[in-house]
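Subject: Structure for you to look at

Hello,

Here is the structure I promised to pass on. Please open it first, then read my notes alongside.

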Amino acid sequence: MMVTDILEATGGGVVSVIGAGGKTTLMFKMATELASQGKSVLVSTTTKIFVPRANQYGTLCIGAGMLDAVTRPSAGVCVAGGGVNHRGKLTPPNAGELQRAAARFDVTLLEADGARERRLKAWADHEPSIPPYTTVTVVVFNLGLTGRLPHEDDIHRLPLFLRLCQLAPDEPITHRALVTLLTAPNGALKNARGKRVLYINHLRDNADRHAASDFAEKFAAELSCFDHIVTEQK
């Protein structure tokens, strides 16, 4: 099952994508699929994202008032930001403008978390930045660091990660630690709104896909806090 199938099933109108290791890629993959179905799709952020390639959108709205001017969204992908910072990243639109626009588009996809391009992360008190009008929260997650020692090159906010997962710096990452990351009160779902979807990413081959299925099955009871678990498709 694809994430877009779940959005159909849950009536997902505003999707906040959080986690680490592929949020932007997933968001634009969903946007392309939804646009191909004739939907108007708004892609934006409550944090920061790199300005997408020109072939990833039909309309680009940058600056105050630009989104408010899109009163009748047409089918396709509209990318919106408040501005572009010194790193070439889109900053968030005005919060009120973004909420008003989300009510006009068929689907709104928001990157609502930052991970500094790491593969896993833990969350500071102010994270993730999920708007209250979110109808689906998607947690992007991967199992690829299982068995490896935790390192700051791989994990954003490493000290918080170690504390949350109850790991020592010289202790390999286990599936049990990753379940804790996903399910602890101050873990992945602490600010979640609406339906909760776990998206297991970075599955390179059949062995990875089997490992993801085994993980979901083994920890099914603990992961029941998610309404759906989806694995990356080929």
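**Leucine 182 and the cores**

Start with leucine 182. Leaving aside residues up to four places away in sequence, leucine 182 touches Val139, Phe141, Ala188, Leu189, Leu198, Phe215, Leu223 and Phe226. Keep in mind that this is a predicted model.

Which residues have the most contacts inside the largest nonpolar core? They are Phe141, Phe161, Leu181, Leu182 and Phe215. That core has 35 residues. At least two of its residues come from each of S10, helix H4 (158-165), H5, S12 and helix H6 (206-218).

**Valine 179**

Now look at valine 179. It is found in helix H5, which covers residues 175-183. Is valine 179 buried or exposed? Valine 179 is buried, because its relative accessible area is 1%, and buried means under 20%. Not counting residues up to four places away in sequence, valine 179 touches Phe215, Phe219 and Glu222. Now find leucine 145, 34 residues from valine 179 along the chain. Their C-alpha atoms are separated by 13 Å.

**Helix H4**

Next, helix H4. Its buried residues are Leu158, Phe161, Leu162, Leu164 and Cys165. Look down the axis of H4: these buried residues fall within an arc of 165 degrees, so they line one face of the helix. An α-helix has 3.6 residues a turn, so residues three or four places apart point the same way.

What covers the buried residues of H4? The cover includes strand S9 (120-121), strand S11 (155-156) and H5. The face turned away from the buried side of H4 carries the exposed residues Pro159 and Arg163. After H4 comes glutamine 166. Its phi is positive, near 55 degrees.

**The sheet**

Now the strands. In what order do the 8 strands of the open sheet run? The order is S4-S5-S2-S8-S1-S10-S12-S13, with parallel pairing. Strand S4 (59-62) and strand S13 (228-231) are the edge strands, and each pairs on one side only. On average, neighbouring strands of this sheet are turned by 20 degrees against each other, direction ignored.

Strand S1 (residues 14-19) and strand S10 (residues 136-141) run parallel and are joined by 5 bridges. Valine 15 has valine 136 in S10 as its bridge partner.

Then trace helix H2 (residues 23-36). H2 lies across S1, strand S2 (40-45), strand S5 (76-81), strand S8 (107-111), S10 and strand S12 (195-200). It runs at about 170 degrees to S8.

**The whole chain**

Last, step back. The secondary structure of the protein chain comes to 6 helices and 13 strands. Of its 234 residues, 48% count as buried. The C-alpha atoms fill a box of roughly 55 × 35 × 30 Å, taken along the principal axes. A compact globule with 234 residues would have a radius of gyration near 17 Å. The protein chain has 17 Å, which agrees. Finally, take the contacts between residues at least 6 apart in sequence: 75% of them join residues at least 24 apart.

Best wishes

Terms used: Residues are numbered from 1 along each chain as its sequence is written. This is a predicted model: local features need pLDDT of at least 70, side-chain atom pairs count only at pLDDT 80 or more; totals for chains, interfaces and linings use all residues. Side-chain values use heavy atoms; hydrogens and water are left out. Helices (H or I, at least four residues) and strands (E, at least two) are DSSP runs, numbered from the N terminus. Buried means under 20% relative accessible area, exposed over 50%, partly exposed in between (1.4 Å probe, protein chains only). Contact means heavy atoms within 4.5 Å. Two strands pair if DSSP finds at least two bridges between them. Axes are lines fitted to C-alpha atoms, for helices over the stretch in contact, and angles run from 0 to 180 degrees between N-to-C directions. A nonpolar core is a set of buried Ala, Val, Leu, Ile, Met, Phe, Trp, Tyr and Cys residues joined through side-chain atoms within 4.5 Å. The arc is that of the directions from the helix axis to the C-beta atoms. The radius of gyration is taken over C-alpha atoms; the globule rule is 2.2 Å times the number of residues to the power 0.38.
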